[in-house]
Each structure stands twice: as C-alpha cells, then as structure tokens.
Amino acid sequence: MRDNSTWTVVLKAADVELYVGRFGGKLTEVNGVWQFERKLYVQGMNEVESTIEWATNNNTTYINDDKDGKGNTYALVNMNKTNYIAANVCFQKNNNYSSITSVTNSNFNWYLPAQKQLMAIWVVNPSLDAYKLNSGHAYWSSSEVKEATESVWGVGFNAGGTSSSLKSYSNLIRCVREYNY
C-alpha cells in the first residue's frame, strides 16, 4: 500500500565508502594470476580534519608489510594502543574494537592502508570526484620503511609520489575497509 510519503535521504561524506578495487586481503596466485582476495573501499573524507602524527616517537616497530594494512594496523594497536596514533584512529572505527582479538575477527573491518594499498587509492583518486584526497598533503600508510626504521611510508596525492617521513611528523589519514563480496 502506498501512502505517497516523500523521504529525503542525506549522506554525509563521512558515511560514504568509495570502491577502490581488489586491493584488500592477501595477495595470492589464482590460476597463474596474482590478485588480492577482497574488495577495498576508502572512506569519503579524511578521518580527522587536520594532520596527525603516525606515532608519538620514532622507535622501530619492524611492521613493514607494504600490502597488508590490516595486519600492520592490528600489530601496531596490539603493540601499544596510544603510541601509534594513525593506526589507532582507524582501528577505533570498528564495532566493539576493544573485543577484537585477531585479524580475522568479524568486527575488524577498518584499518590504516599499507603502502601499496595507498598507492592504489592514488591511482583511482581522479575517479572519486568530490571525494578526492587532498593533493596538498601526504597520507600515512601503515608500512614502516624497512631500510630506515624510524620512518614510515606516505603517499603525496599531488603527484602520487611515495616518500618516507619520520613517525613524529604529521600527515592526513583515510581509513579503508575491505569486504569479502
């Protein structure tokens, strides 16, 4: 039965998730083709309004996987919930984040992207229209630089350059989420 009601739906950029591509999960070989297991989405706006530090110090973490942001984020949060600011901001977006005890926990969806995942976001950035990432700043990844362990990889969205910064510097962040479907 119709009642001729009119509804207005308002979506805020914070509520929008933008499809990046198959850049989530593990990188595996399927029938001779290397591909990621899951679809990756990036949130429609920066998580915080201003730049933030990656960590409160430049200590070495040895967390440097350039493709597994979810694993990096989980390891950083479990190492110290307050020192690794950028990873913790994304981790706290998860429902019941304090009860998450593994990377495979069903509540663990949001995380800080790894270096290669962040580069994938830069590649599709022009197609994100109004939700484009700020070209005047770099964005943090969750990947520590292997050769310079006091530094972390970031991606500048003006030209897509990957560069390292000390963990105590400030950059922007966009959290990502992956889905199995």
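Author: Gln43 has its place in strand β2 (residues 33-43), where a strand is a DSSP run of E with at least two residues, numbered from the N terminus. This is a predicted model, in which local features need pLDDT of at least 70 and side-chain atom pairs count only at pLDDT 80 or more, while totals for chains, interfaces and linings use all residues. Residues are numbered from 1 along each chain as its sequence is written, and side-chain values use heavy atoms, with hydrogens and water left out.

Reader: Why is Gln43 called buried?

Author: Buried means under 20% relative accessible area, exposed over 50%, and partly exposed in between (1.4 Å probe, protein chains only). Gln43 has 3% relative accessibility, and therefore counts as buried.

Reader: What makes the pairing of Gln43 with Glu47 a polar contact?

Author: A polar contact is a pair of N or O atoms within 3.5 Å; within protein, one must be able to donate a hydrogen and the other to accept it, and residues adjacent in sequence count only if both atoms are side-chain atoms. The side chains of Gln43 and Glu47 meet this rule at 2.7 Å.

Reader: Which residues does Gln43 contact beyond its neighbours within four places in sequence?

Author: They are Val16, Leu18, Lys93, Trp110, Arg174 and Cys175, contact meaning heavy atoms within 4.5 Å.

Reader: How do you know that Lys67 and Asp66 form a salt bridge?

Author: The term requires a side-chain nitrogen of Lys or Arg within 4 Å of a carboxyl oxygen of Asp or Glu. For Lys67 and Asp66 the N to O value is 2.8 Å, so the pair qualifies as a salt bridge. Lys67, at 30%, is partly exposed, whereas Asp66, at 18%, is buried.

Reader: What does the salt bridge between Lys116 and Asp66 tie together?

Author: These side chains meet at 3.5 Å, N to O. Lys116 lies in helix α3 (residues 115-124) and Asp66 in the loop between β3 (52-53) and α1 (69-79), so the bridge ties together parts that are 50 residues apart in sequence; a helix here is a DSSP run of H or I with at least four residues. With a relative accessible area of 42%, Lys116 is partly exposed.
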